[in-house]
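Subject: A structure to look through

Hello,

Please look at it for a while before you read my notes.

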Amino acid sequence: MSFSSRGYLTCCLTLVCMSACNSDDEVASRNERSAVERQFPLRLAAKNLPNAIQLHERVISGGQPEGEEAFRELRELGIKTVISVDGAKPDTELAAKYDLRYIHLPHGYNGIPEQRMAELAKAVRDLEGPIYVHCHHGKHRSPAAATVACVANGMLDSRFASDVLAFAGTSPNYQGLYKSAAIARPIDDAVLDAMQVDFPSVAELPPLAESMVLLEHTFDHLKQFAAAEWQPLTKHPDLEAAHEALLLKEHFVEMLRLDSVAAEPAEFRAMLAESESDADKMELALRDRNQSDANVNQLNSAFKRINENCTQCHRQFRDVPL
């Protein structure tokens with residue numbers, strides 16, 4: 001049974017049945033309890049926080065807050081602590097401006113290690129709340145992190161953990177994230193009490209992970225240009241498509257120079273090299289002022305190949321469960 005059907009429809013139908021056979025006081029009492037049980041997860045109508053959902057009165061999951069408006073909205077929501085599970089460096093200056101504490105506990109798409117689960121649980125239990133947990137888009141890593149932390153603290157029934165990820169829109173391709181949610185269980189307070197955790201505002205990342213973060217942000221910009229048929233973006237007039245393609249190419253170049261990438265399988269390196277070549281073709285096509293049909297077709301084909309390469313690479317090398 002899905003979370004939505006069990007947490008909403010069942011409760012509502014139960015209330016209807018009870019109202020016909022119980023006293024007004026009993027019905028009122030059960031109504032109150034059921035309302036609490038069925039209110040989460042709740043999708044929030046946040047203007048500047050992508051994919052924001054509330055898992056508990058103390059915990060909200062969503063996308064990366066960017067700019068003054070996003071941090072102002074966090075403060076208006078009453079948030080006191082922001083936990084990033086994304087690889088990107090947190091904007092600690094803006095957080096401080098809005099009296100928010102930033103914690104950086106990144107993890108990958110292939111799942112959440114047991115130690116990181118415990119650290120997230122301790123953070124959600126001990127740090128000042130309400131707490132906003134975010135990744136880049138707010139659809140994959142942050143719902144998983146918020147879910148395991150809530151389960152570990154008894155804020156969420158473990159039976160509903162995977163359903164929360166589905167509610168958040170987490171792709172089933174991220175098997176490791178669903179596995180982490182499925183195996184999450186309450187952690188004894190004594191265990192969390194005994195943990196000595198340094199909650200850094202900015203965590204150090206391995207070079208490959210840091211490069212992937214930069215590449216992902218640049219590719220997101222190009223996705224927006226593709227959706228706009230390669231025309232200037234009204235929401236981002238400072239961005240130029242050809243320049244973003246150049247940055248994408250350089251990200252691939254730099255990744256191929258890393259020692260850690262040299263130790264990866266040949267197929268992994270080949271995918272990076274192919275994508276570097278296609279990014280170069282994209283830049284050339286975007287700098288061509290002619291913009292003929294053939295030119296646009298070449299551009300779209302190169303972009304499609306990079307996207308498909310990324311998807312295949314993630315499936316084989318990034319999204320493998322821990």
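What follows is a short account of what was found in it, going from the whole chain to single residues.

Please keep in mind that this is a predicted model. The protein is built from 14 helices and six strands, and of its 322 residues, 45% count as buried. If you take the contacts between residues at least 6 apart in sequence, 68% of them join residues at least 24 apart.

In soluble globular proteins, nonpolar side chains tend to be buried together. Here the largest nonpolar core has 36 residues, and those that touch the most other members are Ile-83, Val-85, Leu-105, Ile-112, Leu-120 and Val-133. At least two residues of this core come from each of strand E2 (53–56), helix H5 (114–126), strand E6 (131–134), helix H6 (141–152), helix H7 (161–168) and helix H8 (175–183), and H6 gives the most, with seven residues.

Next comes a pair of helices. Two packed helices are described by the angle between their axes and the distance between the axes. Helix H11 (residues 241–256) packs with helix H13 (residues 266–287) at an angle of about 160°, and their axes are 8 Å apart. Because angles over 145 degrees count as roughly antiparallel, H11 and H13 are described as roughly antiparallel to each other, and their crossing is left-handed. On the side of H11 the contact includes Ala-241, Ala-245, Leu-248, Phe-252 and Met-255, while on the side of H13 it includes Leu-272, Ala-273, Ala-279, Met-282 and Leu-286. Taken together, the residues of this contact divide into 14 nonpolar, two polar and six charged.

Met-212 deserves a separate look. The residue lies in helix H10 (residues 207–227), and with 25% relative accessibility Met-212 counts as partly exposed. Not counting residues up to four places away in sequence, Met-212 touches Met-255 and Phe-268. The C-alpha atoms of Met-212 and Gly-87 are separated by 8.5 Å, although the two residues are 125 residues apart along the chain.

The peptide bond from Gly-129 to Pro-130 is cis, with omega near 5°, and Pro-130 sits in the loop between H5 and E6. Asn-51, a residue other than glycine, has a positive phi, near 55°; you will find Asn-51 in the loop between strand E1 (42–43) and E2, where it counts as partly exposed at 31% relative accessibility. Glu-229, also a residue other than glycine, has a positive phi near 55°, and its place is in the loop between H10 and H11. With a relative accessible area of 63%, Glu-229 is exposed.

Best wishes

How values were computed. Residues are numbered from 1 along each chain as its sequence is written. This is a predicted model: local features need pLDDT of at least 70, side-chain atom pairs count only at pLDDT 80 or more; totals for chains, interfaces and linings use all residues. Side-chain values use heavy atoms; hydrogens and water are left out. A nonpolar core is a set of buried Ala, Val, Leu, Ile, Met, Phe, Trp, Tyr and Cys residues joined through side-chain atoms within 4.5 Å. Buried means under 20% relative accessible area, exposed over 50%, partly exposed in between (1.4 Å probe, protein chains only). Helices (H or I, at least four residues) and strands (E, at least two) are DSSP runs, numbered from the N terminus. Axes are lines fitted to C-alpha atoms, for helices over the stretch in contact, and angles run from 0 to 180 degrees between N-to-C directions. Angles under 35 degrees count as roughly parallel, over 145 as roughly antiparallel, 65 to 115 as roughly perpendicular and the rest as oblique. A crossing is left-handed if the near helix is turned anticlockwise from the far one by less than a right angle, and right-handed if clockwise. Contact means heavy atoms within 4.5 Å. Ala, Val, Leu, Ile, Met, Phe, Trp, Tyr, Cys and Pro count as nonpolar, Asp, Glu, Lys and Arg as charged, and the others, Gly among them, as polar.
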